[in-house]
Amino acid sequence: MKTKLIALSATALLAAGCATTPSDDEYYTKAVALMKAGFKDRGQAKVDRIDQDSLQKLCSSYGSNPVPPDVAERLQKEQLATIKYPADGKYLGDWKSGEKIAQSGRGGQYNDDPKQPSGANCYACHQLAKEEVSYGTIGPSLYHFAKLRGYGPDIQKYAWNKVYNSHAFAACSSMPRFGYRGILTEQQIKDVVALLMDPNSPVNK
Ligand code: HEC
């Protein structure tokens, strides 16, 4: 993200004929200002989405360099502490609903109804079912997730945690924090976790 921002602002500065060499922070500030000037709020899609929280800022500051292990460990601990567990203690919902949620990329856009639940777009980054012809490969394949890892309570809890807040296990993950950011409801997370964990789900067939 930051590299892209820097590239954007560098172009703008060159065009303006600027002769000094601003620091990374100055580039960043200018780039954010340019982006904020270039976009406007539209419905639920607000320009404040450009603002990074402290974790995102810190992750961006490393660019494509690895995050030092002690920093990663601290960030993961902080993110793990944000996770809320299902009120009834049950991690698994309905995998059929989970499949629909995993396939849906709707939600959060200016022309989506904010009252309707969002999709999770898991397929944009992961293979989940064998039958699915189109999926992204940013994340690892989750086909046979529970078949390979086990169906027990520890893996169920891990799947819940990972979907709720992916950064609890990979400090600077590019996977959205579905629970922490309120993208999915508790029931939707249960349904998606069931998709990963149910022996009858296409993920484990
Ligand atoms: C924008 C891309 C993206 C989206 C969307 C996404 N993920 Fe991920 N996911 C990743 C990446 C990258 C990783 C590997 C790095 C990491 O662990 O965070 C990952 C890792 C995982 C893992 C850990 C796999 C393991 O072997 O331990 C699980 C489970 C997972 N994702 C489930 C999901 C589910 C379920 C959804 C939809 C609710 C989803 N992901 C949506 C990018 C994404």
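The side chain of R149 places an N or O atom 2.8 Å from an oxygen atom of the ligand, and the side chain of Y158 places one 2.5 Å from a ligand oxygen atom. A polar side-chain atom of H126 lies 2.8 Å from a nitrogen atom of the ligand. Polar contacts are pairs of N or O atoms within 3.5 Å. The model is predicted: local features need pLDDT of at least 70, side-chain atom pairs count only at pLDDT 80 or more, and totals for chains, interfaces and linings use all residues. Residues are numbered from 1 along each chain as its sequence is written, and side-chain values use heavy atoms, with hydrogens and water left out.

The ligand is surrounded by 21 residues, a residue being counted if one of its heavy atoms lies within 4 Å. The closest are C122, C125, H126, Y158 and M175. By class, 14 residues of the shell are nonpolar, 5 polar and 2 charged. Helices α6 (145–149) and α7 (153–164) each supply at least two shell residues, and α7 gives the largest share, 3 residues.

The iron atom of the ligand is coordinated by NE2 of H126 and SD of M175, at 2.0 to 2.2 Å; donors are N, O and S atoms within 2.8 Å of the metal (3.2 Å for Na, K and Ca). H126 lies in the loop between α5 (95–103) and α6, and M175 in the loop between α7 and α8 (186–197), so the pair ties together parts 49 residues apart in sequence. The iron site has 6 donor atoms, with angles of 84 to 178 degrees among them, and is octahedral (six donors, opposite ones over 155 degrees apart and all others between 65 and 115). H126 counts as buried, at 11% relative accessibility (under 20% relative accessible area, 1.4 Å probe, protein chains only).

Technical notes. A polar contact is a pair of N or O atoms within 3.5 Å; within protein, one must be able to donate a hydrogen and the other to accept it, and residues adjacent in sequence count only if both atoms are side-chain atoms. Helices (H or I, at least four residues) and strands (E, at least two) are DSSP runs, numbered from the N terminus. Ala, Val, Leu, Ile, Met, Phe, Trp, Tyr, Cys and Pro count as nonpolar, Asp, Glu, Lys and Arg as charged, and the others, Gly among them, as polar. Four donors count as tetrahedral if all angles lie between 85 and 135 degrees; four count as square planar and six as octahedral if opposite donors are over 155 degrees apart and all others between 65 and 115; anything else is irregular. Buried means under 20% relative accessible area, exposed over 50%, partly exposed in between (1.4 Å probe, protein chains only).
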